[in-house]
Amino acid sequence: MSIARTSKLVTMAQAAAMVADGARIALGGLSVYQHPMAFAHELVRQGRRGLTSVGVLNGPELDLLIGAGCVIRVETSYVGLEKFGLAPNFRRAVENGLVEAEFYSEMAAFDRFRASEDGLAFAVSKALAGTDVAAENPKIVPFDCPITGTRLSAFPSAEPDVAVIHAVAADEYGNVLLPTRHLLPQSFDMIVARSTQTLIVTAERIISNAEVRRNPHLTGVPGFRVAAVVEAPYGAHPCHSLDANEIDDLHFAEYVEAARSQAGFEAYLDRYVRGTSDHAGYLTEIGEGRLASLRSADAA
Amino acid sequence: MSTPTLHETLAVAVAAELRPDDVGFTGLTTGGSAAMFGTMIPLAGMELARHLHAPDLVSLLAGWCHNPTLRDLAEVPGSEFDPALLRLSCDNLDMGWPPTMSLKRGDVTVGFSTAAQVDRQLNVNTTRIGTPEETKVALVGPILIPEHFALFGREIVMLPRHDTRTLVERVDHISGVGFPGGRKGRESLSLLGAGPALVITPLCIIDVGADGLPFVRSIHRGVTREQVRASTGFDIDIPADVATTPEPSAEDLAVLRAEVDPHGLLRR
């Protein structure tokens, strides 16, 4: 009998404690899809402060952290709630000078993570000349292509201290399942996973290593790259989560209404986040019936 | 057949702009008239062109759904990965970044976008009203707009509103670059694409002259020159012989209603 492999399964509280005050974090997912919302909730419960968020298309995961006072700086191409409109906490914080927004174009924002994946200090764009995206961001630096002399723009890679993605399933050793039929948000998560040395994975369900080994071609992140795994059913709620749940339109509407004022948003946080002790408590507050109604046709 | 709606007329106008070898890219704009102008009219225009004169044209819905069976769409899509979109049959479901095409080599020959502001130099703004120090409205950010205006062959700007807050002398943030310093000024930026080619609004169709300055190509039926002038925040060139935006032919309208939009999304 050989000695056992190390399990990386931890509680959400233990995982969130891996993010220090002032850290540079990347939360996976895009716009209103696949964000690790349960993880963001736990950062709020733990009262994290001074975070910098680096992302591509940010949505409620970031708006929530901003509304709870956890974030001071945002690097992104978009912060919004898609069909639910502008991100209310982001909007208020920027207009009041509480959060600094550093913008990149969408492809540039993606490529910052690809540069981190490649171990490079910078990425390159030929689409930024003449824009205020470049003019207002001192980190976007024009340079001449060393081969052709063409004018290009360089900008720093993403380099998150900690990255967090939400997956449909993972085993206790950190092997993450990527369904064959996935979409851009899940593809982005795979890039995010390779952009950091501290990757946390929250998963709809924990599967056995035997199940992973029966379908090893579906492993999107190899376990050795993962620092911690947390079981979090409906862990992206109210966002869409691939093969798990659809978007919770009613909850988004409630969120947007609450976040129209800081006082309203504090009440939202008191009910759903600070007022619940953990993710199970949050799900109880949302209600079993509501959650069941959101279940995807393809959910396991 | 009933008279065409403005949205139908504009879909036919978009189709007429498209070339047989075009690869056209729409984002997924959400909410009422923004979704109609930013997403639905371009998609319908591209699909109509495929039926009328451009069978090989490629339509990229939200950039990821290649040549969707648009006629199966019963609602204007509400989100980028709407379950209804995922059920549409298509040639290619682009699942990742980088995608299966090469956006940066110039694969996209025509892009469609919308914006909060467009100015006399055809720059567009999706990022902010106000200055960095005094932000009046923090909008969503640049998103893919820099790439639309720099890398795509040409850009058709679809504006759901035509008023003096939207068409302005100078945008508050150049998110997508048009013709600062005219066509020569744009050339000096060494961008791959030709930049904005048309602005389509609820009142008129705005073209771009050889000098890189906008002029009104046609005014929609029922709209006056004075109305266009008063609704535009810069002194816009309206030629004395400006045309009325052509109404769809009976044949085009029949194909549009039967093959492209059987659910009547453009008639709502």
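**A sheet and a helix pair in chain A**

Pro142(A) has Ser153(A), in strand 9 of chain A, as its bridge partner. This is a predicted model, where local features need pLDDT of at least 70, side-chain atom pairs count only at pLDDT 80 or more, and totals for chains, interfaces and linings use all residues. Residues are numbered from 1 along each chain as its sequence is written, while chains are lettered from A and ligands numbered from 1 in the order in which they are written.

Strand 8 of chain A pairs with strand 9 (residues 151-156) of chain A in the antiparallel sense, over 4 bridges. Strands are DSSP runs of E, at least two residues long, and helices are runs of H or I, at least four, numbered from the N terminus. Pairing takes at least two DSSP bridges.

Now the whole sheet. It is open, with 3 strands of chain A in the order 7-9-8 and antiparallel pairing. Strand 7 (122-125) and strand 8 (141-144) of chain A stand at the edges; each has a single partner strand, so one side of each lacks a neighbour in the sheet.

Next, two helices. Helix 3 (residues 60-67) and helix 4 (residues 88-95) of chain A pack at about 50°, with axes 7 Å apart. Axes are lines fitted to C-alpha atoms, for helices over the stretch in contact, and angles run from 0 to 180 degrees between N-to-C directions. Helix 3 of chain A contributes Leu62(A), Asp63(A), Ile66(A) and Gly67(A) to the contact; helix 4 of chain A contributes Pro88(A), Asn89(A), Phe90(A) and Ala93(A). Contact means C-beta atoms, placed from the backbone, within 7 Å.

Terms used. Contact = placed C-beta atoms within 7 Å.
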